[in-house]
Amino acid sequence: MTDAGRILLLENIHPDARANLEAEGFEVELLKKALPEDELCERIKGVVAVGLRSKTTITPKVLAAADSLRAIGAFCIGTNQIALEEANRRGIPAFNAPFSNTRSVAEMMMCEIVMLARRFGDRNNEMHRGVWTKSAEGSREIRGKTLGIVGYGHIGRQVGVLAESFGMNVLFFDVSARLPMGNNRAAQSLEELLEKADFVTLHVPETPSTKDMIGQKQIALMKKGAYLINASRGTVVDIPALAEGIKSGHLGGAAIDVFPVEPEGNDGRFVSDLQGLPNVVLTPHIGGSTAEAQVAIGHEVSNTLIRFLKYGATNGAVNFPNAELPKRDGVHRFTHVHRNVPGVLRDVNRIVSEASANVVGQVLATDANIGYLVMDVSEETARRVGEELCQRMAELPTTISATLLY
C-alpha cells in the first residue's frame with residue numbers, strides 16, 4: 001500500500017532505490033533526466049522527498065515551491081547542487097552517499113595514473129587510426145614515483161592505500177588534520193605537495209576556496225613532466241591554464257573527469273580546451289559510475305531517507321542537526337523542528353505536561369539556526385491526545401515543522 005507519501009527520483013537513480021522506498025509504502029516517480037528549475041518547481045509539489053544526482057539543482061526557488069518536502073537525497077557524494085542553508089532554515093535535511101562509490105573512484109584514479117605514465121590513451125587512438133607505434137619513449141613505470149593527493153577524505157585515503165600497493169610513495173595535503181593510512185605522509189602545504197609529486201590527484205569539494213585552486217601559478221610549481229588528475233569538481237581546475245601547461249610541455253599529461261560546464265544529458269555536445277591534446281584522458285563524469293557503486297548508492301541513500309521519513313533519524317545529514325532515537329515498540333513518535341532560540345524546549349515540555357502525556361524518550365540536537373527534537377510518548381497517551389499535541393507544537397511561534405510520525 002502506497003500511503004506514506006510521494007517521492008520524486010531524478011537522473012536515472014538505480015531502480016533498487018525505488019524498490020526499497022516502495023517496499024516501505026512510498027509512491028515513487030523515477031525520471032531519467034534532471035529537470036530545469038521551473039519544471040522542477042511544478043513537479044516537486046506534494047512530494048515528501050526528492051532524490052537527485054549531480055545535474056539537478058535544488059535552488060531557493062525550488063524549495064519555496066516545495067509545499068510538502070521533508071528531505072533531500074543526493075545519490076552521490078557532492079551536495080553543492082543543493083541550497084543547503086536555505087533547506088536548513090526550512091527544516092529540510094539533505095543526505096548524501098559519502099562511502100558507496102569510494103572504491104570505484106579510487107580504482108579509476110589508479111587506472112588513469114598507469115594510463116598517463118604509459119601514454120595508453122595516445123597509443124589507443126593511434127591504433128584505431130591504423131598507426132603502429134611500438135616504442136618505450138615517454139613510457140614509465142609508476143613504482144617508486146610520488147603521488148600527491150589533494151583532499152584526504154574517504155576517496156583520497158583509498159587512493160593512497162592502492163597507490164602504496166603499486167609501490168608508489170604517497171604525500172597528501174588536506175586543510176583538516178587527517179590520520180595517515182599506511183606509509184602515506186602529510187605535506188605541510190599544497191605548494192610542497194605540488195613541487196614533490198610526479199602525479200597529483202584532486203579530491204576536494206566545490207567551495208569558494210577551491211575554485212580554480214589549480215591554476216597557472218600552481219601548475220608552474222609542479223615538476224616538469226608531472227601529471228594532473230581531477231575527478232572531484234569541475235571548478236577546481238583552471239582548464240585554459242591546464243591546456244597551456246600541456247601545450248608548453250611543462251606537464252606530461254592529464255586525466256580529467258569533471259568540467260566547469262558539462263552537457264545536461266547524453267545528447268548534449270561537449271567542448272573543452274583539452275580536446276585533441278597529447279596524453280590527455282577525458283572521461284564524461286563517470287568516476288563513480290560502476291554497477292556496484294550505483295547499487296550501493298541506491299541502497300545507502302534510500303535507506304537513509306526511510307530512516308528519516310519513518311523514524312526521524314537525521315544521522316548523516318550534511319546540513320542538519322544529527323539526532324536519532326532508538327526505535328521502540330508501544331510508542332508514538334513526534335519530530336519538532338524549530339528556530340534555535342531560548343525557551344523552545346520549555347514550551348514543548350509545557351504542552352506535553354499540560355496534556356498529561358507520558359514521555360518515553362526524547363533527544364534534542366541543535367545547530368546555529370535550528371533545533372531538532374525527536375520525542376516518544378506512550379501509545380496510550382498518543383491515542384488520546386497525539387494529534388492535539390502535534391497541532392499545539394505546530395502553533396508555537398518558533399516552530400518550523402511538527403510531525404507525528406507514527
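These legends describe close-up views of a predicted model.

View 1. Strand 11 (251-256) is largely enclosed by the rest of the structure, because six of its six residues are buried. Strand 10 (226-230) runs parallel to strand 11, and five bridges join the two. Within this pairing, Y227 stands opposite G253 of strand 11. From strand 10 the chain passes through helix 10 to reach strand 11, a β-α-β crossover that is right-handed. Strand 12 (280-282) is also parallel to strand 11, joined to it by three bridges. Here I256 stands opposite L282 of strand 12.

**View 2. The buried residues of helix 10.** Helix 10 spans residues 239-247. Its buried residues are I239, A241, L242, A243, G245 and I246. What covers them? The cover includes helix 9 (216-221) and strands 10, 11 and 12. Just after the helix, G249 adopts a positive phi of about 85 degrees.

**View 3. H203 in its loop.** H203 lies in the loop between strand 9 (199-202) and helix 9. Is H203 buried or exposed? Its relative accessible area is 14%. The cut-off for buried is under 20%, so H203 counts as buried.

**View 4. The surroundings of H203.** The H203 side chain makes a polar contact with the side chain of T201, at 3.0 Å. Beyond its neighbours within four places in sequence, H203 is in contact with M109, I149, V150 and G151 among others. The contact list also includes I155, G156, V159 and S232.

Note on methods:
Residues numbered from 1 in each chain as written. Predicted model: local features only at pLDDT ≥ 70, side-chain atom pairs only at ≥ 80, totals over all residues. Heavy atoms only, no water. Buried < 20%, exposed > 50% of the residue type's maximum accessible area, 1.4 Å probe, protein only. Helix = DSSP H or I, 4+ residues; strand = E, 2+ residues; numbered from the N terminus. Contact = heavy atoms within 4.5 Å. Polar contact = N/O pair within 3.5 Å; in protein donor to acceptor, adjacent residues only side chain to side chain. Pairing = 2+ DSSP bridges. Right-handed = clockwise from strand over helix to strand, strands pointing away.
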